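Welcome! Take a moment with the sequence and the 3D view, then read on.

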Amino acid sequence: MSRSRLTVVFGLALSACVSSVPSVPPNLTGKPIIYALSAPELSVVKRDVVKGLKDPESAILDDRILASSVEGDRSVHVCGAINAKNSLGGYTGRKPFYGVLSADRSFFVTMRAGGIDPRAVHAKCAEYGMVVYVL
């Protein structure tokens, strides 16, 4: 294969790996804004994200919990990663989660990888300007 063809093929392969993250999701009227969770808000997130796990006491929550809000909306969108033991007693590895901290400051985990494709969780977080890296 000639060098120019190889360059074109390699370039096309690389371009397929690049994804664009919309700066404003199509369903939002305002732009996502980075939000700093207060200590009580972070406690609520940490307490509620482990609900429904097989072994909540084993849960290890990443220190890098991301949050953003949208102009004109009092709720806060929260993304992060969690590692916990499964029913066999082994750790599953870091799994992303997405949830909403409502205006009354109750937290609802709406997506947690394990039951769904992690790419769906990543896409939801990206809608609100957050990227969760799970290795």
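**The disulfide and its surroundings**

Cys-79 and Cys-125 form a disulfide, with 2.0 Å between their sulfur atoms. The pair links distant parts of the chain, 46 residues apart: Cys-79 belongs to strand S4 and Cys-125 to helix H3 (residues 118-127). Please keep in mind that this is a predicted model.

**More on the disulfide**

- A disulfide is a covalent bond between the sulfur atoms of two cysteines.
- One disulfide turns up when the whole structure is searched.
- The torsion about the S-S bond of Cys-79 and Cys-125 is about -110 degrees, so this disulfide is left-handed.
- Are the two cysteines buried or exposed? Both Cys-79 and Cys-125 are buried.

**Strand S5 and its partner S4**

- Strand S5 covers residues 95-101 and is mostly covered, with six of its seven residues buried.
- Strand S4 (residues 76-83), which holds Cys-79, pairs with S5 in the antiparallel sense over seven bridges.
- Which residue of S5 is the bridge partner of Ile-82? That partner is Lys-95.

**Strand S5 and its partner S6**

- S5 also pairs with strand S6 (residues 107-112): five bridges join the two, and they run antiparallel.
- Leu-101 stands opposite Phe-107, a residue of S6.
- Five residues lie between the strands in the hairpin of S5 and S6, where Arg-105 takes a positive phi near 70 degrees.

Technical notes. Residues are numbered from 1 along each chain as its sequence is written. This is a predicted model: local features need pLDDT of at least 70, side-chain atom pairs count only at pLDDT 80 or more; totals for chains, interfaces and linings use all residues. Side-chain values use heavy atoms; hydrogens and water are left out. Buried means under 20% relative accessible area, exposed over 50%, partly exposed in between (1.4 Å probe, protein chains only). Helices (H or I, at least four residues) and strands (E, at least two) are DSSP runs, numbered from the N terminus. Two strands pair if DSSP finds at least two bridges between them. A disulfide is a pair of cysteine sulfur atoms within 2.5 Å.
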